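I opened my notebook to look up salt bridges. I wanted to see which side chains pair and how exposed they are.

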Amino acid sequence: TTAMTAVVAQKPVLIMNFDEKPDETDYVKNGIALGVYNRENLQATLIRLLQDDSELAVNRAKYINHYLYRIDGKASIRIAEEMIRLLGGGE
């Protein structure tokens, strides 16, 4: 998703949800995005986010480690090695 890419790129994320339904993602709950739930708060929240996203930055590394493990370009290698291990090879 675009928001996940922004988190990986260490960019601020703003989730706009004006339909009174629960958020479809956990970005706000996990502290890596700010949520805006009514139009009246949009401008102030956007300005706040652009001026200082340090409160979100603190949570990015934890989120990446928990959900994405590592951002090192070697995910496919790890998956292939685990598949070989599970199939009984590569011992």
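My entries on the salt bridges follow.

I noted that this is a predicted model, in which local features need pLDDT of at least 70 and side-chain atom pairs count only at pLDDT 80 or more, while totals for chains, interfaces and linings use all residues. Residues are numbered from 1 along each chain as its sequence is written, and side-chain values use heavy atoms, with hydrogens and water left out.

Entry one: the count. I took a salt bridge to be a side-chain nitrogen of Lys or Arg within 4 Å of a carboxyl oxygen of Asp or Glu. The count by this rule is 4 salt bridges. Side chains of opposite charge can pair when their charged atoms come close.

Entry two: Asp-53 and Arg-60. I found a salt bridge between these side chains, at 2.3 Å from N to O. Are the two partners buried or exposed? Asp-53 is buried at 18% relative accessibility, and Arg-60 is buried at 2% (buried means under 20% relative accessible area, exposed over 50%, partly exposed in between, with a 1.4 Å probe and protein chains only).

Arg-48 is partly exposed at 41%, and Glu-55 is partly exposed at 43%.

Glu-82 is partly exposed at 33%, and Arg-85 is partly exposed at 49%.
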